[in-house]
Amino acid sequence: MSIKHIAGALTLSLALGVAACGGDDSGSSDSGDDTTKEASGSTATKSEGPVKIAFSAPGADHGWMAAITENARDEAEKLGDVELKAAEGVTDSAAQADQVETLIAGKPDALVILPNEPDALMPVAQKAMAAGIPVIDVDREFTEQGAFRALITGDNYGIGYQAGNYFADELKCSGNVVEIQGIAGIPVTEQRSQGFRDALKRKCQDGVKIVASQPADFVPDKGLSVMENILQAQKDIDAVYTHDDDMAEGVVSAIQNAGREDEMFLTGAGGSKAAMEQIKEGGLYRATFLYNPSMSASAIRMARLIVRGQGFEELTEPEVPSKITVPATTVTKDNVDDVMNLGF
Amino acid sequence: MSTTDAASGEGRSLPIPKPRGRIQLQEYALVGVVALILIGGAILEPDSFLTTDNMLNVLRQASVVGVLAIGMTFVIATGGIDLSVGSMVAAAAVAGGQLVDSGSAAFVLGALAMGIVLGGINASAIAYGRVVPFIATLAMFTMARGLALWLSDKTPVSLFSLDGVRWFGNGEVIGIPSAAIVFLAVTVFAWVLLNRTRYGRYVVATGGNREAARIAGVKVRWIVFSVYVISGICAGLAAILVSGRLASASPIIGNLYELDAIAAVVIGGSALAGGRATIVGTFLGVITFALIFNLLTLMDLAVEIQQITKGLIILAAVLVQRRER
């Protein structure tokens with residue numbers, strides 16, 4: 001049927017149009033940078049001309065992940081001499097690996113990647129390194145040293161540990177705590193859980209009881225239903241430890257709907273603007289722990305320095321460090337104003 | 001209750017064979033399963049499971065997927081499938097959220113309108129574009145999610161001020177959650193539509209044997225078109241219920257709701273291939289899964305156990321259906 005053909009052609013042109021309009025072009029200009037510090041190693045350095053960086057992150061299905069990609073893009077634009085080619089939007093590791101392969105084929109000067117699952121993306125990262133493309137690993141750590149040149153990550157264990165200390169102090173080592181995790185089984189979750197438990201054990205031995213621990217997949221509607229059910233089971237809750245600010249919104253709704261805000265306090269993680277505003281107001285939402293998506297912007301900067309053969313000015317060493325852990329700052333009413341600008 | 005067979009009376013009637021026996025067995029089996037869960041829960045969690053508060057909680061939670069599953073029943077009855085309902089919920093919520101400054105009524109209209117539009121796109125592609133339902137709704141699954149993220153700029157909109165919308169999610173009428181009332185109303189309406197109107201008979205006939213229905217004078221294209229619009233409307237309704245409870249229009253909600261809805265329809269006894277549909281079965285299926293989720297969370301069991309349990313129940317339900325043939 002001709003109508004079907006016309007419809008098909010229209011849909012295809014619409015798709016191409018959306019792709020073209022949605023695509024990103026960051027400007028490039030001749031930078032005339034001097035190479036002040038020579039980097040050794042197999043990576044060729046480029047003192048002039050645009051730095052071509054390929055960027056890959058999983059699909060932005062929550063605020064934190066969306067901020068990662070946005071921060072990377074913004075930073076590339078700010079730097080001026082960086083040409084960013086970003087691939088994003090896939091939610092499974094195999095698809096991300098395919099995307100990275102495509103990116104590598106375009107011969108970028110560096111690859112900045114937040115791997116959906118580090119194990120699954122290691123082969124393609126190693127491939128990039130072998131081809132002379134330095135890989136900057138963001139957030140989720142590759143376990144093979146040869147798979148990346150530099151790593152910048154938040155401190156998941158540190159978030160858990162600081163949260164545990166905070167809870168130990170606020171609860172004076174006695175009470176019932178509910179834990180709402182993110183996605184069960186991934187290292188982020190394991191570390192945030194373990195850090196929390198270790199700190200509680202160290203400070204309180206068995207004084208604080210974790211009465212329920214359920215995952216809510218980093219999404220608010222799951223946080224809502226899970227907390228609603230836990231509220232039914234637990235009639236005496238002193239505090240709630242959640243792994244993520246976005247997800248915590250749903251948990252907060254559940255507690256408010258049940259009218260039990262005065263019974264307990266809640267903490268999140270990540271550092272979203274909405275969370276910081278609630279912390280400022282005071283009440284149920286007592287604290288959050290920074291896990292700032294600004295690390296992708298830093299990763300772009302690191303990539304650029306590596307390609308230019310430079311290191312951090314403030315450090316004596318001539319090369320960019322291979323592992324950087326960004327500290328997990330505790331944000332409470334006392335210091336929320338200082339960090340409000342970092343909220344995503 | 002299964003579809004009624006060809007009665008005399010209004011205009012054209014269709015000689016549809018009435019599989020009453022099979023579906024009734026399925027429904028009785030499901031009532032038994034629900035009873036088993038209730039008894040098991042009372043034993044395992046005596047203090048918190050069988051309380052009025054908790055049961056109302058379960059009903060309230062079941063309403064979101066419940067409304068979706070009712071719509072899905074119509075779609076599956078025609079032999080189709082709608083994989084996009086979860087994403088449509090997010091898109092509808094976000095669409096309503098864009099109108100947050102205009103009040104609750106605007107939110108409700110916005111969400112329903114988006115549901116109708118997206119459902120209409122599915123419907124057009126499937127009924128007139130002759131695209132296979134799986135593919136068409138799979139495409140909408142990603143498009144609607146993208147639309148939700150794009151329209152909302154990836155940030156949720158607070159609905160704290162919209163008391164009307166929040167009432168839908170969280171209010172009560174003589175002690176019964178308003179969300180549950182919406183769910184029950186939709187269920188009753190759908191039951192009447194499927195079992196007591198000509199439209200309902202045509203829907204099942206289209207699924208049972210499309211060619212025969214077409215020859216008998218049923219406008220099958222229009223029937224197929226309509227069920228996807230129904231699914232879209234249900235997505236809009238579900239969006240209102242969940243956004244009301246969350247007091248927030250978020251673009252990242254609705255993950256995998258479609259699988260829950262389909263599972264509920266299947267264990268309820270409606271045939272996945274179409275031609276046999278039961279609203280009561282779907283209702284019981286939704287309640288079954290909601291009770292399981294509730295009980296396993298109350299028991300603080302690992303999420304993997306929940307998933308395995310859910311999968312086993314779906315498998316068992318399908319095997320029971322097969323044995324009856």
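A residue counts as buried if 20 or more other C-beta atoms lie within 10 Å of its own, as exposed if 12 or fewer do, and as partly exposed in between, with C-beta atoms placed from the backbone. By that rule, 51% of the 344 residues of chain A are buried.

Some housekeeping. This is a predicted model: local features need pLDDT of at least 70, side-chain atom pairs count only at pLDDT 80 or more, and totals for chains, interfaces and linings use all residues. Residues are numbered from 1 along each chain as its sequence is written, while chains are lettered from A and ligands numbered from 1 in the order in which they are written.

Now chain A. It has eleven helices and twelve strands. Those are DSSP runs, numbered from the N terminus: helices are H or I with at least four residues, strands are E with at least two. Contact here puts two C-beta atoms, placed from the backbone, within 7 Å. Among chain A contacts between residues at least 6 apart in sequence, 73% join residues at least 24 apart.

Next, domains. The bounds come from an automatic or database domain assignment. Domain 1 of chain A is 26–153 + 293–311, and domain 2 is 156–291 + 332–342. Their centres, taken over C-alpha atoms, are 32 Å apart. Five residues of domain 1 and seven of domain 2 make the contact.

Look at helix H10 of chain A, residues 295–308. Its 14 residues reach 20 Å from first C-alpha to last, close to the 20 Å expected at 1.5 Å a residue. That expected span is 1.5 Å times one less than the number of residues. Why call H10(A) largely enclosed by the rest of the structure? Because twelve of its 14 residues are buried. Among them are Met295(A), Ile300(A), Arg304(A) and Arg308(A). Just after H10(A), Gly309(A) takes a positive phi of about 75°.

One residue in helix H5 (156–170) of chain A: Gly164(A). Gly164(A) counts as buried because it has 24 C-beta neighbours inside 10 Å. Beyond four places in sequence, its contacts include Gly195(A), Phe196(A) and Asp198(A).

Last, chain B. The contact takes 28 residues from chain A and 26 from chain B. On the chain A side, H7(A) gives the most, with ten residues. By class, that side has twelve nonpolar, ten polar and six charged residues. Ala, Val, Leu, Ile, Met, Phe, Trp, Tyr, Cys and Pro count as nonpolar; Asp, Glu, Lys and Arg as charged; the others, Gly among them, as polar.
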